[in-house]
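My entries follow the structure shown here.

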Amino acid sequence: MFETVPAGGRWALAIAGIVAALLLWSHTAIAEEPGAIIRDCEACPELVVVPAGTFRMGDLSGGGDADEGPVREVNIPRPFAIARYETTFAQWDACGAAGACRQGVSDIGFGRGDRPVMLVTWEDAQAYAGWLSEMTGKRYRLPSEAEWEYTARANSQTRFPWGDDIGQSNANCDECGSTWDDDRTAPAGSFPANAFGVHDMVGNVYEWIEDCGRHSYESAPSDGSAVAPDPSCRQRVMRGGSWLSLPRASRSAARVRNPVGFRDINVGFRVARDLP
C-alpha cells in the first residue's frame with residue numbers, strides 16, 4: 001500500500017518544490033545577466049554573456065577597405081555567450097586527448113598552456129566547437145561576423161574599442177607597443193578586457209568566424225546571423241588581426257577571408273554559445 005501524505009505534509013512538499021524552482025530560475029537568470037561568466041565544465045572555456053543590442057557595423061571612421069561596407073545597422077536580437085579569451089593550447093590539447101581534435105598542432109616554441117592555439121583551420125575550429133557541444137549538451141559554435149564585431153566594439157564607434165589610436169600596450173600587434181609585438185603570441189588575458197568583459201579581440205591571433213567570406217555587406221543579414229554558405233562559397237572570414245599585423249589590420253571593422261583549410265602561425269579562434 002502507498003502511504004498517504006498528510007495535508008500539512010503535502011503543503012510542505014509543494015512549498016519546497018516552489019522554492020527549489022525559484023532558486024533554479026534565480027540561478028539561471030543571474031548566470032545569463034550581461035557580463036556574467038559561464039563555464040559549463042572543467043575543460044570548457046569561460047564564457048561572457050553579451051547583451052542584446054543594435055549597432056552600426058563596418059568602417060565607421062573612414063579610410064578602411066572596400067569590403068568593410070556598406071555600413072549598416074545590425075540588430076543582435078538576444079543575448080549570447082562568447083569565450084572570454086581566445087581558445088588556448090590547454091583547451092585544444094584536452095580536445096585532442098579526447099580524440100575529438102587534431103593532435104600534434106605545433107606551438108613553434110611559443111609555449112602551450114594559456115597561449116592561444118594557432119595553426120588551426122576553420123574545420124579544426126568546428127571540430128572543437130562540436131566536441132564542446134557533445135560534452136555539454138549545449139550549442140557551441142563559432143561567432144557570426146556581426147556577433148564578433150558587436151562584441152569587439154562593445155558599444156564603441158571608434159577604430160579600436162578604446163579609441164581611434166592604437167596607443168601603447170593595449171594589444172599584441174606589430175607597433176602596438178607590447179612585450180610580444182611582432183615576436184610571438186601573448187598569454188590569454190594579457191591585456192585589459194573591453195567594456196563587455198572580453199579579452200584580446202584586438203591582435204594576438206586572427207579568429208575564425210562562422211560566415212562565408214563575401215566581398216562586401218551587400219545583402220548580408222541584419223539580424224546578427226552568419227552569412228550562410230552556398231556552392232560558390234570558398235572562403236570564411238577571420239577577424240581581429242594578430243601579433244604579426246599592423247594596427248590597421250587589427251581594427252574592429254577589419255576583415256580577412258581565407259579558404260577553410262588555411263592555417264598559419266597567427267591564426268586561431270574563439271567559440272560562442274547560444275543561451276536558452
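This is a predicted model: local features need pLDDT of at least 70, side-chain atom pairs count only at pLDDT 80 or more; totals for chains, interfaces and linings use all residues.

Residues are numbered from 1 along each chain as its sequence is written, and side-chain values use heavy atoms, with hydrogens and water left out.

With bonded cysteines counted along the chain, I noted the pattern 1-2, 3-4, 5-6, 7-8.

I looked up Cys41 and Cys44, which are joined by a disulfide with an S to S distance of 2.0 Å, and the 95° about the S-S bond makes this link right-handed. For accessibility I used buried for under 20% relative accessible area, exposed for over 50% and partly exposed for in between, with a 1.4 Å probe and protein chains only. Cys41 is partly exposed because its relative accessible area is 23%, whereas Cys44, at 1%, is buried.

I then turned to Cys95 and Cys101, whose sulfur atoms lie 2.0 Å apart in a disulfide; the torsion about their S-S bond is about 75°, so this disulfide is right-handed. Cys95 has a relative accessible area of 0% and is therefore buried, and Cys101 is buried with 7%.

My last entry concerns Cys173 and Cys176, which a disulfide joins with an S to S distance of 1.7 Å. The torsion here is about 70°, so the disulfide is right-handed, and I found both Cys173 and Cys176 buried.

Terms used. A disulfide is a pair of cysteine sulfur atoms within 2.5 Å.
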